[in-house]
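Please find below my note on the model you sent, written as numbered points so that each can be taken up separately.

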Amino acid sequence: MTDKQLHRLKRPELIEILYYLRKELDDVKNENERLKKRLDILTTEALSSAYGARVRELLDKQESEEKALAEAAEAEGSEDDTDGGEKT
C-alpha cells in the first residue's frame with residue numbers, strides 16, 4: 001500500500017490495519033522466542049552428547065593403554081622366568 005493510499009484511509013480502517021499488524025508482530029515474537037528456546041535445548045543436547053562421546057573415547061583409550069601395559073608386563077614377566085634358569 002502506498003503512502004497516498006494510506007492517507008485516503010479513514011481512522012477505523014487505519015486502526016484495523018494497526019491491530020492486525022500488531023497481532024502479526026506478537027505472533028512473530030512468540031514464534032521467535034519458542035525457536036530460541038528450542039535452539040538452546042538442541043544446542044545443550046548436542047554439546048552434552050559431544051562431551052559424553054569425548055569422555056567415552058578417552059575412557060576407551062585409557063582402557064586400551066592399561067591393557068597394553070598389562071600385556072607388556074605379563075610378557076616381560078614370562079621372559080624373566082625363562083631367562084632365570086639359563087643364566088650361569
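1. Overall fold. The model is a predicted one, and its protein chain contains two helices and zero strands. Helix α2 covers residues 11-86, and the chain as a whole has 88 residues, of which buried residues make up 1%.

2. Accessible surface. For the protein chain the accessible surface comes to about 8600 Å², and carbon and sulfur atoms account for 55% of that area.

3. Salt bridges in general. How many salt bridges does a search of the whole structure find? The search returns three, and they are taken one by one in the next points.

4. Arg22 and Asp26. These two residues form a salt bridge in which the closest N and O atoms are 3.2 Å apart. Both belong to helix α2, where a spacing of four residues places them about one turn of the helix apart. Arg22 has a relative accessible area of 47% and is therefore partly exposed, while Asp26, with a relative accessible area of 29%, is also classed as partly exposed.

5. Lys23 and Asp27. Here the side chains meet in a salt bridge with an N to O distance of 3.8 Å, which is to be read against the cut-off of 4 Å that applies to such pairs. Because Lys23 and Asp27 are four residues apart in helix α2, about one helical turn separates them. Lys23 counts as partly exposed because its relative accessibility is 43%, and Asp27 is partly exposed with a relative accessible area of 43%.

6. Arg54 and Glu57. Which residue does Arg54 pair with in a salt bridge? The partner is Glu57, with the closest N and O atoms 2.7 Å apart. The two side chains are also listed as making a polar contact, at 2.7 Å. Both residues lie in helix α2, and in this case the spacing is three residues, again about one turn of the helix. Arg54 is at 43% relative accessibility, so it counts as partly exposed, and Glu57, at 46% relative accessibility, likewise counts as partly exposed.

7. Negative patch. Asp60, Glu63, Glu65 and Glu66 together form a negative surface patch. Among them, Glu65 is found in helix α2, and this residue counts as partly exposed because its relative accessibility is 45%.

8. Nonpolar patch. Which residues make the nonpolar surface patch of about 560 Å²? The patch is made by Met1, Leu6, Leu14, Ile17, Leu18 and Leu21. Helix α2 supplies the largest share of this patch, namely four residues, and Leu21 is one of the patch members that lies in helix α2.

Note on methods
Residues are numbered from 1 along each chain as its sequence is written. This is a predicted model: local features need pLDDT of at least 70, side-chain atom pairs count only at pLDDT 80 or more; totals for chains, interfaces and linings use all residues. Side-chain values use heavy atoms; hydrogens and water are left out. Patches are made of residues with over 30% relative accessible area and no salt bridge: like charges are joined within 9 Å, nonpolar side chains (Val, Leu, Ile, Met, Phe, Trp, Tyr) within 5 Å. Accessible areas come from the Shrake-Rupley method with a 1.4 Å probe; for residues, only the protein chains shown count as cover. Lys and Arg count as positive and Asp and Glu as negative; His and the chain ends are not counted. The place of a charge is taken as NZ of Lys, CZ of Arg, CG of Asp or CD of Glu. Buried means under 20% relative accessible area, exposed over 50%, partly exposed in between (1.4 Å probe, protein chains only). A polar contact is a pair of N or O atoms within 3.5 Å; within protein, one must be able to donate a hydrogen and the other to accept it, and residues adjacent in sequence count only if both atoms are side-chain atoms.
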